[in-house]
Amino acid sequence: RAGESTGYGRRFVAERDTWVGIVPVGYGDGFQRALTGTEVRVGGERRRVIGAISMDALAVELDRELPPGTPVTLVGHGVSLEEHARVGGTITWELACGINSSPLRARRVVVDAA
C-alpha cells in the first residue's frame, strides 16, 4: 500500500499502491548492494530493483501480481552487465567475477548465447 516500505532502513517507500516481487538473490550471490535501482527482467518485462538488496533477496517493483516462480533474468536477454555496472559505479568484470555459483543458493540457468 502507499506509504508502506521494503528493504533495510525503509529505503523504498511506495508512493502509490504497487506490487513488490521478492527474488531469492542477493549480495550473497554476487548481486551487489550498489545495484539497487538497476533493472532486471521479470516474466520478460523490465522491472526496477527497489529497496536495499539484502544478503539473500532483492525486491522488484511490479505493475501487477505475478505467480511465484515467474522467471527473472538478472543478466542477458536485454539486461546487460554494462547497465548494472553504471548503476553500481563499477566495472563489468567485478560484477561477473562476483557471481556465486554455489548449488546451495538460488537456482540458476545459464544460457550460452554463442
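This is a predicted model: local features need pLDDT of at least 70, side-chain atom pairs count only at pLDDT 80 or more; totals for chains, interfaces and linings use all residues.
## Overall make-up

The chain holds two helices and seven strands, and along the sequence these elements follow the pattern β-β-β-β-β-β-β-α-α. Of its 114 residues, 32% count as buried, while the accessible surface of the chain comes to about 7300 Å², with 54% of that area belonging to carbon and sulfur atoms.

Where contacts between residues at least 6 apart in sequence are considered, 59% of them join residues at least 24 apart.

## The open sheet

Five strands make up an open sheet, in which the order is β3-β6-β5-β4-β7 and the pairing is antiparallel. The edges are formed by β3 (19-23) and β7 (72-73), each of which pairs on one side only.

Within this sheet, strand β4, covering residues 39-42, pairs with strand β5, covering residues 45-50, in the antiparallel sense and over four bridges. In one of the bridges, E39 has R48 of β5 as its partner. In general terms, the strands of a sheet pair through backbone hydrogen bonds, in either a parallel or an antiparallel manner.

Leaving aside residues up to four places away in sequence, V49 touches F31, L35, T36, G37, T38, V40, L58, A59 and V60.

How values were computed
Residues are numbered from 1 along each chain as its sequence is written. Side-chain values use heavy atoms; hydrogens and water are left out. Buried means under 20% relative accessible area, exposed over 50%, partly exposed in between (1.4 Å probe, protein chains only). Contact means heavy atoms within 4.5 Å. Accessible areas come from the Shrake-Rupley method with a 1.4 Å probe; for residues, only the protein chains shown count as cover. Two strands pair if DSSP finds at least two bridges between them.
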